[in-house]
Amino acid sequence: MKAILCILHRSLALVVLLGFLELHGLVQDDAVKQVPRIQARLAGRRKKGNEGRIEVHYNGEWGTVCDDDFSIATAHVICKELGFIQAESWVPGAKYGRGKGRIWMDNIRCTGHETTIAACSFNGWGITNCKHSEDVGVVCNERRIPGFKFTNAVFNDIEEGQQHVEDIRIRGVFGPSRRSLPVTEGYVEVKQDGKWKQICSTDWTELNTRVTCGMFGFPAEKRYNTRVYRTFASRKKHIFWPYAINCTGNEVHISNCGLGLLAVGSNSTCGNQMPVVVSCVTGRPFATITPSRVRKAFPLKEPQVRLRGGPKIGEGRVEVLKNGQWGTICDGYWGLVSASVVCRQLGFGTAKDALGGAQMGKGIGSVHMGKVLCTGFEDSITDCSFNQLDLCDHDEDASVRCNIPAMGYENQIRLAGGRTPYEGRVEVFAKRNGTQRWGTVCSDNWGIMEALVVCRQLGLGFADHAVQDTWFWEGDRSADEVAMSGVKCSGAELSLFQCRHHGEDLECTKGGGRFAAGISCTEAASDIVLNPQVVQETTYLENRPLSMLTCAMEENCLASSAVGQPFLSSFRRLLRFSSQIHNNGEADFRPKAVRQDWVWHECHRHYHSMDVFTNYDLLSLNGTKVAEGHKASFCLEDTECDSEERRNYQCANFGEQGITAGCWDTYRHDIDCQWIDITDVEPGEYVLQVVVNPNFEVAESDYTNNVVKCRCKFDGHRVWSYNCHIGGSLNAETEEQFDHFPGLMSNHLYNW
């Protein structure tokens, strides 16, 4: 009897224990179910895409994370959630700038095994005693987790592990599509468990094709010869992927589409034995046909949308044309669907990222659209729903990163010998003596525009420096011989081979090797913009005795007619104005020359960090230059900033020179050389032009906005400036009033 009671007692204890464990499991399951779905991003003043201030989107609002109790384990979780393999480090104290709005998470503790930062332990959403000076940032490893996971799968039918796909591709089937890039037509194949598999065409729709083309960088789909592919497929044996995809058509990636089981045979065959085939349309930026056929296929008309300030092709701040003036879009409601409409409109695929907070630099002029909401099927962003009232400022300008087709340009060129992947000697794979081989590029006339094209071709961002001798970067000795010379780029090309060059008839005075061309690139650059209103409001005329212009004479700030004039009795007539120069970019504007190379001017008793920082020209209406001036950068400093804490450069006591991102430098109208000497100019109508960084000595994200142009009237005694505007800020018809004659520089750079 005692034995029976003992057995019953133990059985009861076991039942209680099992019940407790089951209840505990249910609680855990409920807790898992209650983890909210959030979005995460890296934002702020950052130079690379794998670093930045952590921001999470919860309850319809973006907010930051406090650095209290933050750890490397938490950094690993956020980096993996963003698609990187792991974290390198984390940074407290708002290194990437202070965020705005809510601080969503505080005292966050992760074990490192969570799949989302929302599953970690923390105080609760919005419960914090932190300030934005404690916003935490993270630096992730640059390598990304390969493949992707279907996020909209039917979980009851498909195991978690089967939702992950290692890769996807369009594989060309016939000769031309197999040999040429980009691949626009062929089988859609997925890689799973190390094997490439076709997708059965049962239940495949045109909407699926639209999404597939978009994720591979193509704006639209087209028809193909079904009979040819069906005949070819009947002669081949295929291994089919046992899942069906169902897209609505506005997804940006096929992983966002629905995923379900497909009734395939036991030998991985499908009913009609026909794999999925897609045929995509190549956008204008990547059309590989002759210019005349491009014009016929893509009629030239004024674009209604453009991208500016992006480090790579298909990236930039979104600007739209309204009433003849370019303006930006607010980032409120800005998302991937709306961003994809912009991308497709410009000839790219769907959007990879829809960015806010002026992450591609601040725009200029007006803000035209706010709260943009698109369905994804609009032909133009202006067809979407949007608000024109209560618009934001330029701190909230929207940007985009678009999917672009794989053109293979990066395989034609490489950098060698550099300390980092962002610098080195330029080596190209070109034909030499009838054979393709690696060689160097002649550095004769090598400049920033050529470097800009190389950096873009390699996907390394903006050009930082163009180097004309590379003895300190030892490359592959077998590639020392010059393979390309006479390179001259406009800056708009996608490949160095699209620039003008000598072809196989090489001509290089320096030779290759240690004198070959080199570059350094950067993912973040400054963007210098003149304030046209300040120029217009401060223009006036002054008659100044030559005896008070001794230092200006030494620095060649007067017209040549001033030489030899009586020193005490002569006067010069000066057209004066102020220049307010803003840095709207993502990096500081620094002089090209290092401090040791600055030039001391005894008369003014200051250093020049750039010989020519600004050019001033007065042009007649037929384009003839009638007077000119220039300004050296004797003191580049932060006169004012959006935030006082940002001021990094002050000229006092031989301090560092530059303009911090978000700050501006003011050259007042009453300082030397801030003028044009118009003593010899006849009364009449003219054009006043001011160009900053005219020789492209310093890297910028956008050179088109370096020019301010004004109409100027001089009656012999007084002067007026009016209609001042930044180059490229108006539509083509209005710009034509200024640019229809030669001699008026506009720095046009077609920046997709």
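1. Let me start with Pro182, which sits in the loop between α3 (175–179) and β11 (185–192). Helices here are DSSP runs of H or I with at least four residues, strands are runs of E with at least two, and both are numbered from the N terminus. The peptide bond joining Leu181 and Pro182 is cis, with omega about 0 degrees.

2. A word on the basis of these remarks: this is a predicted model, where local features need pLDDT of at least 70, side-chain atom pairs count only at pLDDT 80 or more, and totals for chains, interfaces and linings use all residues. Residues are numbered from 1 along each chain as its sequence is written, and side-chain values use heavy atoms, with hydrogens and water left out.

3. Do have a look at Tyr333, in the loop between β20 (325–329) and α7 (336–345). Tyr333 is not a glycine, yet its phi is positive, about 70 degrees. Its relative accessibility is 53%, so Tyr333 counts as exposed (exposed is over 50% relative accessible area, buried under 20%, partly exposed in between, with a 1.4 Å probe and protein chains only).

4. Asp390 is worth a glance too: phi is near 50 degrees, again positive in a residue other than glycine. Asp390 belongs to the loop between β23 (385–387) and β24 (399–402), and counts as exposed because its relative accessibility is 80%.

5. What about α7 itself? This helix is largely enclosed by the rest of the structure, because 7 of its 10 residues are buried. Among the buried residues of α7 are Ser338, Val341, Cys343 and Arg344. Just after α7 comes Gly347, with a positive phi of about 95 degrees.
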